[in-house]
Each structure stands twice: as C-alpha cells, then as structure tokens.
Amino acid sequence: MSVATISNIRLQLGHCVIPILLALGNFGNFFTTWILIRTLKQRANSCALYLLCAALANWFVINTVLISSLYGLDHVEPIHISNVLCKLRWYGGHVLFMASRCFLIAACVDRWALCSQNIKIRSFSQSKIALRVVSFIIISSILVPIPLLFFFDNSSGRCAINPSYNLAYTSFSLTLIGILPPSLMILFTFLARHNLTMIRSRVQPTGGDRTHDIHIHKRDHDLIKMLFGEVLVFCLTTCPFPCSTLYNFLTIPIKSYKTPIRLAIESLINFIIQPLLTYTYCCTQFYVYGFFCKSFRTDFLEIFHLQRTNRVKQVTAEQTVGQKEKN
C-alpha cells in the first residue's frame, strides 16, 4: 500500500463520515434540546438542565469545529493562514468540549446526590443549585483552556501545536480529557447505581420512621438510564484522543526515523480518532438516550403527534371560519 493510497483513504473517509455525523448530530441535538426543554417545563429537574446544556455545547461543537474539518478536506483552512483564527479554533473547541464534559460530570454527581441517604448531599440535586453549577462550569470552561492560546500557532505553515509546548499540551490532554472526566463519571455513575440498589433492597419496618425515605420519580430513573448510556459512549469515543496525543509526544525523538508509510498510517489513525471518533460523542447523544430509555422514545414520538394534532385543529378551525363567512 502506497502513501497516496492511504492519503486517499483518509480523504474519502472524511467525505463519507463527516457529513453523516453532521446530519445525525444536528438532527439529534435539535430534538434532544426540544425534549429536554419540554421536560424542564413540566417539572424543574437539575439533571435534565445539565444534559440540556451538554446537548447545546455539543451542537455548537459540530457546527463549528466539525464543519471546519470538513472544509479542510478539499481547501486550505483559514486557520493555516491566520494565526488568530488558529488559536481561536483550538481554544474555542476545547472550551465547548470542556463545558460538555463538565456538564456530564455534574449530571453524574447530581444523580449520585439524588440517591444518597444523606439529606445534605441530596440537597445538591436542586434546580437552584444546578443554575449556580452551570454558571460555574461556563466560567471555568472559558478560563481553564486559556493556555491553549499560547500552545498553538501556524508558524510552521500549518495550524499545529508549538513544539515548545508538546509536554504541556500532552499533560493537559491526559489530565483534563483522558483521566479526570472518565474517572469522575464512572465513579459517580457506579455510586449512583449502588445507592439505587440500596434503596430498592431496603425494607421499611411497619410503623417505622419514614422521615429518611427516598422517593425517586420515574423521570429521575429514566434520566439515570440515559446518563449511564452517555457515560459509556463518552469513554469509548473520547479516551483514545489523549492516548493518541501521548503516543505522538513519546515518538517525537524518533520522528525523523519514521518511514513515509508509517507517517501516513499514523496520520490516518489520528484522523479517525480526531475528528471522527471524538466528535461521534457530540453527535450520538439523542440516539443513546433513545436506545437506553423507552420514555425518551415516547417523548420523541409525542412531538410529532402533538404537531399533527395541532395542524389538524388549525385546519379544522380555518374550515369552520370559512363556512361561517360563507353563511
């Protein structure tokens, strides 16, 4: 297999997969946002608020960074020409990704708190607390990636990380993408699952003190199912990126010894991981929720049922008005 063949595979893969991700992501995030907004209108729910914010962040990601990647397949991206755009592209992408990850972590903590036997911990699962957490996450996501503005430039003719900051960026990726987020998500997801098991297995004596009973609504159970599925997809699609970053950093000393074929293969693998695999997480939230939660599928179908019902009512009303005018 020649270098040209591998490069062509990379190009064709991008032309096939990225448009599919854009279509699925825009469709899915639109209806995820719609359904979660309806849920919040029916009853204030802190976890639904976190998932809504994550969906919005994912929606912005695919319509900015992913579109930029698609344009770059056949054209010279502006980020390779403008140093300002180069820095803003990487900084902005990491801001949105970090916000999405943090919202997902907050949702995991929220579900754990909801199922806790400790009243003080359960108080975290409140809408007013969620609003404060959302504000904190937005501010933190803007401030924490600021060093990336110095890490990236296009001094080499392409927008890429400055070699002087390879170690810093590798540490950033491993810590804030590959280690902390998945660890926290998995930890609090299993703690929430453990608390749910304890609640179901607890036997309340007749006439006993019921002041510490925990009542979890069906909607909260459904949100926990949805969250479990999203954490699984996040870990499978996002964790390879920091591993790839670490590999690229460790092989810098032998880069001059790599053959053109090896470089082409590594470029293909990196392209599959970033952007294809990484952005899959941003595009599959709706489908994961639908797969893991029956009530989410029902909510989705209800949207079309309500739209059809409203349309029929509107047509009927127009016909009634028309008949009255004729009479």
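**Core, helices and loop**

Me: Leaving aside its neighbours within four places in sequence, which residues is leucine 66 in contact with?
Reply: Leucine 66 touches Ile18, Leu21, Leu22, Val61, Pro275, Tyr279 and Cys283; a contact means heavy atoms within 4.5 Å.

Me: Before going on, what kind of model is this, and how are residues numbered?
Reply: This is a predicted model, in which local features need pLDDT of at least 70 and side-chain atom pairs count only at pLDDT 80 or more, while totals for chains, interfaces and linings use all residues. Residues are numbered from 1 along each chain as its sequence is written, and side-chain values use heavy atoms, with hydrogens and water left out.

Me: How many residues has the largest nonpolar core, and which have the most contacts inside it?
Reply: The largest nonpolar core has 53 residues, and Leu51 and Leu66 have the most contacts inside it. Helix α2 (residues 46-71) gives the most to this core, namely twelve residues. Such a core is a set of buried Ala, Val, Leu, Ile, Met, Phe, Trp, Tyr and Cys residues joined through side-chain atoms within 4.5 Å. Buried means under 20% relative accessible area, exposed over 50%, and partly exposed in between, with a 1.4 Å probe and protein chains only.

Me: Which residues are among those of the other core?
Reply: Another core, of 13 residues, lies apart from the largest one; Ile79, Met98, Tyr169 and Phe241 are among its members.

Me: Now the overall layout: how many helices and strands are there in the chain?
Reply: The chain has twelve helices and two strands, where helices (H or I, at least four residues) and strands (E, at least two) are DSSP runs numbered from the N terminus. From that terminus on, the order is α-α-α-α-α-α-β-β-α-α-α-α-α-α.

Me: What share of the residues is buried?
Reply: Of the 327 residues in the chain, 44% are buried.

Me: At what angle do α2 and helix α3 pack?
Reply: Helix α2 and helix α3 (residues 83-114) pack at about 160°, with axes 9 Å apart. Axes are lines fitted to C-alpha atoms, for helices over the stretch in contact, and angles run from 0 to 180 degrees between N-to-C directions. The two helices are therefore roughly antiparallel to each other; angles over 145 degrees count as such, under 35 as roughly parallel, 65 to 115 as roughly perpendicular and the rest as oblique.

Me: How do α3 and α7 cross?
Reply: Their axes come within 8 Å and cross at roughly 20°, so α3 and α7 are roughly parallel to each other. The contact includes Trp90 and Met98 of α3 and Tyr169 and Phe172 of α7.

Me: Where does threonine 238 lie?
Reply: Threonine 238 lies in helix α8 (residues 218-238).

Me: Why does threonine 238 count as buried?
Reply: Threonine 238 counts as buried because its relative accessibility is 5%. Beyond its neighbours within four places in sequence, threonine 238 is in contact with Ile177 and Tyr281.

Me: Last topic: where is asparagine 162 found?
Reply: Asparagine 162 is in the loop between β2 (160-161) and α7 (166-201). Asparagine 162 is buried, because its relative accessible area is 18%. Leaving aside neighbours within four places in sequence, asparagine 162 is in contact with Phe151, Phe152 and Asp153.
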